[in-house]
Amino acid sequence: MYNEIPIRQKSIVLIGFMGVGKTSIGKSVAAKLYRDFIDADQVIENIFKMPTTDIFKTYGEPFFRKKEKEIIRSLCEQKLKIISLGGGAFLQEEIRSICLEKCIVFYLDLSWDSWKDRINLLIDSRPVLQGKSIAEIKQLFHERKVIYQTHHSTVQTDSLMIEEVADYIVKALKTAWDIYEPQTK
Ligand code: S3P
């Protein structure tokens, strides 16, 4: 396609539910591939000089989602990055299509049984979880799972350590690069 980014240069986008490890795994993948890592939420927090919880409280969720879309749209224009998205970003159609068009999207899958043990560690910093019962969070978890099904590749992370997930992603990428853009010596 005209203007298409070569697959070896495409940025890698990590998606998945809150607390599945997108940031830690993203940092590890970036180190292994000698690329820069960008956490989309961190970019928003740096602009507003406050944590996402406070952005939600001060400006409201629709405002956060608007900024999230603008920032991710511009991040997707960059090549050779490893980008982690906030867990709600993929709910926006425009974010899904731009990420899938410009980048390689990996979905970090984790089962509810493994994820639920992390709730207490996450709740204070995740406004979307606050004020919800476990049943409501479980429902959100499964609703979001459907949204995350649009991706290029996935990794089931339940039984893997951060480094193992990162190694898996790097190996999968190298295989795809060699298939779609073999290097001529
Ligand atoms: C959100 C996830 C958070 C952050 C914000 C909203 C969500 O990111 O973007 O609190 O709606 O799932 P993490 O997925 O990194 O926790």
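This is a predicted model: local features need pLDDT of at least 70, side-chain atom pairs count only at pLDDT 80 or more; totals for chains, interfaces and linings use all residues.
Axes here are lines fitted to C-alpha atoms, for helices over the stretch in contact.

**Entry 1: α2 and α3**

I started with helix α2 (residues 40-48) and helix α3 (residues 52-59), whose axes come within 9 Å and cross at roughly 60 degrees. That angle makes α2 oblique to α3. I checked the hand as well, and α2 passes α3 in a left-handed crossing. On the α2 side the contact uses Asp41, Ile44, Glu45 and Phe48, and on the α3 side Thr52, Ile55 and Tyr59. Sorted by type, the residues of this α2 with α3 contact come out as four nonpolar, one polar and two charged.

**Entry 2: α1 and α9**

Next I looked at helix α1 (residues 22-33) against helix α9 (residues 162-180). Their axes come within 9 Å and cross at roughly 50 degrees, so α1 and α9 are oblique to each other. The crossing of α1 and α9 is right-handed. I listed who meets whom: α1 brings Ser24, Ile25, Ser28, Val29, Lys32 and Leu33. From α9 come Ile162, Glu163, Val165, Ala166, Asp167, Ile169, Val170, Leu173, Lys174 and Trp177. The residues of the contact of α1 with α9 split into 10 nonpolar, two polar and four charged.

**Entry 3: the core**

Which residues have the most contacts inside the largest nonpolar core? I found Leu85, Cys99, Trp115 and Ile169, in a core of 55 residues. Helix α9 gives the most to this core, with six residues.

I then followed Trp115. Leaving out residues up to four places away in sequence, Trp115 touches Phe17, Met18, Gly19, Val20, Leu110, Leu122, Leu129, Ile137 and Phe141.

Cys99 took me to helix α5 (residues 93-102), where Ile95, Arg96, Ile98 and Cys99 are buried. What covers these buried α5 residues includes β1 (12-15), α4 (61-75), β4 (104-109) and α8 (134-147).

**Entry 4: Thr154**

Last, I picked a residue in a strand: Thr154 sits in β5 (residues 153-156). Is Thr154 buried or partly exposed? With a relative accessible area of 32%, Thr154 is partly exposed, because buried would need under 20%. Setting aside neighbours within four places in sequence, I find Thr154 in contact with Phe106, Tyr107, Asp109 and Tyr168. Thr154 and Asp109 are 45 residues apart along the chain, with their C-alpha atoms separated by 6.9 Å.

Conventions:
Residues are numbered from 1 along each chain as its sequence is written. Side-chain values use heavy atoms; hydrogens and water are left out. Axes are lines fitted to C-alpha atoms, for helices over the stretch in contact, and angles run from 0 to 180 degrees between N-to-C directions. Helices (H or I, at least four residues) and strands (E, at least two) are DSSP runs, numbered from the N terminus. Angles under 35 degrees count as roughly parallel, over 145 as roughly antiparallel, 65 to 115 as roughly perpendicular and the rest as oblique. A crossing is left-handed if the near helix is turned anticlockwise from the far one by less than a right angle, and right-handed if clockwise. Contact means heavy atoms within 4.5 Å. Ala, Val, Leu, Ile, Met, Phe, Trp, Tyr, Cys and Pro count as nonpolar, Asp, Glu, Lys and Arg as charged, and the others, Gly among them, as polar. Buried means under 20% relative accessible area, exposed over 50%, partly exposed in between (1.4 Å probe, protein chains only). A nonpolar core is a set of buried Ala, Val, Leu, Ile, Met, Phe, Trp, Tyr and Cys residues joined through side-chain atoms within 4.5 Å.
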